[in-house]
Amino acid sequence: MMAGRGRAGGPPGDLDTAIGAAKLGLVPVRTDAFDLGGLHLTSGAGRRLELFVSIDDFMLGGERYSVPSELVPVQLDVSRTTAKGYALRLRFTAGVSGPCMRCLEEATPAIPVESREVSQPGESDQLRSPYLEGAVLDLHGWARDALALSLPAKLLCQPDCAGLCPVCGANMNTAGSEHGHEPAPDPRWAKLSEIRFE
Ligand SMILES: [Zn+2]
Ligand SMILES: [Zn+2]
């Protein structure tokens, strides 16, 4: 089974075979760097490309998250602005996997990502994309950073995850609505109840 094989694995012969097959549209192959010059676009012309990237694991809040899919399909829109300039748009949806930040169960949210880059060499530094070296696009690095910038503040197993019971740590998503605890006769609470706010 060749499909899903990453660039890192297998002897060179396998890779050549995979690239050859991909040119025939048979097997998806991961793209780390993409040479925009090979598109031979003239000023004002554009192309839409369907490519595949892999995205490295990342740490968030001290926990490890990954994108289990070895080949994430991405859509890359390339527009040639001038003889040396490019306007780029990258879009994809990445399935992320890791612990829910509320209940610690497995969370697998799908994160939609959209990112734009403009590169206009010769203009100010603001119009230089950090992902373009000449005409070679660092698609791997761009996809990773674009995903990082698209992550929600909290990665959850479901949007309304009920989290853990603050008393016993039970998962409130499965504990049932009747889950609760008798108020503990804690002297500190008695003390608090004596406080009156004017
Ligand atoms: Zn949860
Ligand atoms: Zn409880």
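What span should the 12 residues of H2 have at 1.5 Å a residue, and how far apart are its end C-alpha atoms? The expected span, 1.5 Å times one less than the number of residues, is 16 Å for H2, and the end C-alpha atoms are 16 Å apart, which agrees.

The views below show a predicted model, in which local features need pLDDT of at least 70 and side-chain atom pairs count only at pLDDT 80 or more, while totals for chains, interfaces and linings use all residues. Residues are numbered from 1 along each chain as its sequence is written, and chains are lettered from A and ligands numbered from 1 in the order in which they are written.

**View 1. The chain as a whole.** The chain has three helices and 11 strands, taken as DSSP runs (helices H or I, at least four residues; strands E, at least two) numbered from the N terminus. Their order along the sequence is α-β-β-β-β-β-β-β-β-β-β-β-α-α. Of its 198 residues, 17% count as buried; that term requires 20 or more other C-beta atoms within 10 Å of a residue's own, exposed means 12 or fewer, and partly exposed lies in between, with C-beta atoms placed from the backbone. Among contacts (C-beta atoms, placed from the backbone, within 7 Å) with a separation of 6 or more, 55% link residues 24 or more positions apart.

View 2. Leu139, Trp142, Ala143, Ala146 and Leu147 are buried in H2. They cover an arc of only 130 degrees around the axis, which puts them on the same side of H2; the arc is that of the directions from the helix axis to the C-beta atoms. In an α-helix there are 3.6 residues a turn, so residues three or four places apart point the same way. The cover over the buried residues of H2 includes E1, E2, E5, E6, E9 and strand E11 (136-138).

**View 3. The largest nonpolar core.** A nonpolar core is a set of buried Ala, Val, Leu, Ile, Met, Phe, Trp, Tyr and Cys residues joined through C-beta atoms within 7 Å. The largest one has 27 residues, and Val74, Leu90, Ala94 and Ala143 have the most contacts inside it. Beyond its neighbours within four places in sequence, Ala143 is in contact with Val53, Ile55, Val74 and Leu90.

**View 4. Strand E6 and its partners.** Pairing here requires at least two DSSP bridges between two strands. E5 and E6 are antiparallel, with seven bridges, and form a hairpin with five residues between them. Leu76 stands opposite Leu90. E6 also runs antiparallel to E9 (residues 110-119), joined by 10 bridges, with Gly95 opposite Ala110.

**View 5. The surroundings of Cys161.** Cys161 lies in the loop between H2 and helix H3 (187-193). It counts as partly exposed because it has 18 C-beta neighbours inside 10 Å. Leaving aside neighbours within four places in sequence, Cys161 is in contact with Cys100, Arg102, Cys103, Leu156 and Asn173. Arg102 is 59 residues away from Cys161 in sequence, with a C-alpha to C-alpha distance of 6.9 Å.

Conventions:
Two residues are in contact if their C-beta atoms, placed from the backbone, lie within 7 Å.
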